[in-house]
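Here are a few quick comments from my read-through. Have a look at the model first, then go through the points below.

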Amino acid sequence: MASMNIHMPNTTNLNHVAFFETTTITRPLRSVCIGQVCLPKRTKLATASPTKQTVVIASPVVNEVAARASSGSSTSTTTSLSQSWREIQGSDNWENLVDPLHPLLRQEIIRYGDFVKACYCAFDLDPNSKRYLNFKYGKKNMLREIGMESSGYEVTKYIYATPDINIPIQNGESCGRWIGYVAVATDEAVKRLGRRDIIITFRGTVTNPEWVANLMSSLTPARLDPHNELPDVKVESGFLSLYTSDESNSKFRLGSCREQLLSEVSRLLNKYKGEELSITLAGHSMGSSLALLLAYDITELGLNRVNSSTKTPVTVFSFGGPRVGNSGFKRRCEELGVKVLRIVNVNDPITKMPGMVFNHENFRVLGSERLSFEFPWSCSCYAHVGVELVLDFFNMQNPSCVHDLGTYISLLKCPKRPSMEIQRDYQGGEIVNKAKQLLAIMMSVQNLNLKLPNPWRSSTTAAAESNMVNLQVQSQRT
């Protein structure tokens, strides 16, 4: 999101997914406290015996996909979410569910998108308000106030973030801003969902320090696990600052975004211990970066580990998100079982940043059969994590719609909306012309996020819905 280098979209190796098995952990048996969160002791895990047999029982959604494939039908069926939620949450890396997009998965993507949209709806952008750049409503009433009282979730905590950046912001003082919330499924919703779902959602960039954090495109070791710092696992320094910085020197003593989140997630996991649980993280733009950092943090620390053989699933739904870390971060997320579904617009420049040129996808293409070697700097290149669901939309009158969350969700709700056809060649053309287009769109997106009083319900969204170009849905596995 920060780099100004230019990268042409890549369409090679669209069906490749590489996931790694969890390795044996032999760390010291000791506990460490981060803020108010006491991390669990590490225990040695026995690796699976190579002779052990595994019996796979197909779920209803898998059977439905097979039936649809054999009959040639692409229509929706009555598969129950309570029976198939693990597949919808990515237990099989959304195999055969993304292309074509399964109706139940589409429904869940839209539902989680609405939870992210709620962050914008409840965010106060009125400079004359006492709550300026914070929440409009109390957490008990927030979902009801924005019209989501029937969502089946209860908000349990508001989350604040403070980037460690010393620049003036809108009201002249540096303090934590409301960045999102934690909610948990009600008893009634559990029956429909098939499990107790804990959801954490994050909004996108709004304040000046957040924009600066987005522009800090240098990679730095994450070092979130005190037992094993893993120096090769690197993330964007601005996102890490936003995630880990606190206000220990201020009068409010606000803990870091990380401390707030780990404390609340640990509390909820303990409160509902013994139930079927899932942890779902969703975010838009910068918020999707925080969601992925939290998902990595939870799994790296083992907070989602129920016992030696069972883990609570951790899934990220990313809307228009940038790259977060290097190839080492990507591999580690895969080893830990973090499931990421990235919903992106092929015309959205934010999804190509940081590292528009120096990224893992580029060097994977260069390192093909004829050039099967690894560049010395490849470990310092950015890499996307997870499975990609690609949308293709563009509004000729207002290009800033390419990053608008409302447009993303609207297109998922109405995927067959008629659209004008326009010829565009993503593989060819002059690089300089593409660079000019991307920079123009990027500036429009920045102006949209900074100026619109209600980014998710903008006139841009309405215009985009009526003037879309080349709407497509396809999958890409990175």
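1. A word on terms before anything else: a residue is called buried here if its relative accessible area is under 20%, and helices are DSSP runs of at least four residues, numbered from the N terminus. Keep in mind too that this is a predicted model.

2. With that in hand, take helix H10, which spans residues 327-336. Most of this helix is covered, with eight of its ten residues buried. The buried set is Ser-327, Gly-328, Phe-329, Lys-330, Arg-332, Cys-333, Glu-334 and Leu-336. Note that Lys-330, Arg-332 and Glu-334 are among them, and these residue types count as charged.

3. Both ends of H10 deserve a look. Just past the helix, Gly-337 has a positive phi of about 85°.

4. Fifteen is the number to remember for the lining: 15 residues surround the largest cavity, and Leu-292, Pro-322, Val-324, Arg-342 and His-384 lie nearest its centre. Helix H9 (286-301), strand S9 (314-319) and strand S11 (339-345) each give two or more residues to that lining. H9 has the largest share, at three residues.

5. What is the lining of the largest cavity made of, by class? It has eight nonpolar, five polar and two charged residues.

Methods. Residues are numbered from 1 along each chain as its sequence is written. This is a predicted model: local features need pLDDT of at least 70, side-chain atom pairs count only at pLDDT 80 or more; totals for chains, interfaces and linings use all residues. Side-chain values use heavy atoms; hydrogens and water are left out. Buried means under 20% relative accessible area, exposed over 50%, partly exposed in between (1.4 Å probe, protein chains only). On a 1 Å grid over the protein atoms alone, a cavity is a set of points where a 1.4 Å probe fits but cannot get out, and a pocket is an open set with protein on both sides within 12 Å along at least five of seven lines; lining residues have an atom within 4 Å of a point.
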